[in-house]
Amino acid sequence: MKRRFIYIFVFLIFGTTIVNGGVTEETRTVEYGDQEKNITVLWTDLNSNRIRVESVLAEGKIGQVDEMMDIYESSQDTDGYPLAAINGTFFNAYGDMQVEGTILSDGQLKHISNSGSVFKVDKDNGFVTQDVYSRIVGGLKGQWDWPNNWYAWNINHWYDSSDATMLFDKNYQGPKPDHNYTAIEVDKKIVTNIEVGGFHIPDDGFLILTNDQAMIAKFQIGIEASYRIEYYENDFENGTYKGDELDFAFIRTMVGAGPSLIRDGIIIVDPEKEGFTEEKINESRTTRSLIGVDSQGRLGMAVVSEVSVYELAEIAASLGMVEALNLDGGGSSGLIIDGQYIYEPGRELSNIVVIKELMRDPIRIELNSRELFFDTEPYIDSEYDRTLVPLRGICEALGATVGWDANSESISISRYGTELLLKVGSNEVSVNGNVKNMEVAVIIKDSRSYVPVRFVTEFLGGKVGWIQDIQTVTLDIVDVDAYIEKAQAALEANNKELAITEYLKVLDIAPNHSQTLKALGDIYTDLDDFEDSVFYYEKYIDIDPSDTNVLSKLGWSYYDNHRFDDSIRVFSLYTELEPTSYQGYYGLAVNYAHYQLNDVEMAKKYYLKAIDLGLTGTGLDVANAYLDSH
């Protein structure tokens, strides 16, 4: 921090200013301390709604490398064209070429690093730097709490460590060595294969590699599996997250590197605090790349030779930046404008940051007040005068699963019991076997399938609106997750009746939603309404008969409802599934000990078995008291 006050910054305009589309190239002579340096800075006005700040991967994949210019040119499509670029986050340039920093593109997280800092760009091109902790939270059968929770270290990163748990999706094309991890394949949210040594990543799902036997035991072929990403403020000192969860619903692009140079107009350089230990980052004078914004909302990018990270921060401040971040440097530093190198990197790169200009004013899509981001842009088709949206993107945002049959060029969509079948070039849609017509046929653009936005509401329910002044389509569609969040909030406020109301709304849409069935069973158990708890637990067990946690709850609900034969049947099934657990045997013993059955020999047999398997607490007291008195 002292460096902020020791030096006096002076800059002079040097040479001419060149304007290229939405990017201005400016050369300055910057004086810092007792030195001065000529610097070329590329400025972009982020207040333009046609400007995109994008993270672009080599070959479009995590784990690949390519010439910087080739990556730059790959970002051009029918939506728009690149104006300028700078190198992005760190990668293992001397080894397996794996990305080492965080990358989020088009609202989708591609890779995680919880060291360093990030810059993030929201739906309105708002640019800030931040310390962010990202974590993967997995769930099974639509449930996220124990025993259905799982985890992973990262996404799209290979670790040569026996205790790693890794997750890979279609964006990964890095190392795939032979291994002895258990590979769990999840396709369209369903576990389809479990084997040791596999490395097949489903096109419409993900792959987990792990040696965690307790976690492996939770997965079975045919069950639902999914994950979500949670973001928190990073607590570098404790190596974990702290405070409230961060809302990333409106973040389009994020790139992690570091250390942060400037935040809120103040130099904050502290490499060690952010987890950096290498001398070449912390102390050495070398070629460095920076990205940041000034108070006018202009994005600046520059490559500066032979400076320390502290001097880079001073230079960023002299340029008027109020937010700035150090990117990868050394041989990775590169800067492009208008298809020409200003500074050519000394190696192939894995990722770059591209300034792209759209050819037309963008059409924005909001789903239940949440901005949606796509890897290709929605647009108004001039022939049909209809707003078209990427089919996969819009369906996945609604929680639907999407499949593609290349042979027949047909698309299948499944959401809460509604099954749709479409064909490229056709406006016919099969809805649960009944053929209906769309106003526009399925169109292919930039290798993506497009449908009219009203397709979403016509066949998946909801309402469509239009906000003219911001060119935004609003979609108001029943959202199961929203009802679940309201129900969970009601439970936290101890309002069980409201929670029941919200959960029943879920079942109106998705009658077999297992998380909801279990939650209703738990609520009615708390209310001592064992008839209703039995009803919902039974429906859950019809879907997942192997869930011993719910099976036990059903057994006790039968018992409390004086349905002893059913309770004994369920606890017997429990002992078959979990023969080394005392819980099933204890349930059997309590049933046989009830005065209406009073089968002393059977009760004693199962109490002794439960004790032998480690019965503890109140249950042990009950068992010993019964055995002493009989």
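**Exercise 1.** Determine how many nonpolar, polar and charged residues line the largest cavity.

*Solution.* By class, this lining holds 7 nonpolar, no polar and 5 charged residues. Here Ala, Val, Leu, Ile, Met, Phe, Trp, Tyr, Cys and Pro count as nonpolar, Asp, Glu, Lys and Arg as charged, and the others, Gly among them, as polar. The model is predicted: local features need pLDDT of at least 70, side-chain atom pairs count only at pLDDT 80 or more, and totals for chains, interfaces and linings use all residues. Residues are numbered from 1 along each chain as its sequence is written, and side-chain values use heavy atoms, with hydrogens and water left out.

A cavity is a set of points on a 1 Å grid over the protein atoms alone where a 1.4 Å probe fits but cannot get out; lining residues have an atom within 4 Å of a point. The lining includes Arg52, Arg252, Glu371 and Phe373. The elements that give two or more residues to this lining are β29 (364–367) and β30; strands are DSSP runs (E, at least two residues), numbered from the N terminus.

**Exercise 2.** State the order of the 4 strands in the open sheet, and explain why one side of β30 and of β40 is left without a neighbour.

*Solution.* The order is β30-β29-β41-β40, with mixed pairing; two strands pair if DSSP finds at least two bridges between them. β30 (370–372) and β40 (463–467) stand at the edges, each with a single partner strand, so one side of each lacks a neighbour in the sheet. β40 pairs with β41 (residues 472–476) in the antiparallel sense over 5 bridges. Within β41, Val473 stands opposite Trp466.

Key:
On a 1 Å grid over the protein atoms alone, a cavity is a set of points where a 1.4 Å probe fits but cannot get out, and a pocket is an open set with protein on both sides within 12 Å along at least five of seven lines; lining residues have an atom within 4 Å of a point.
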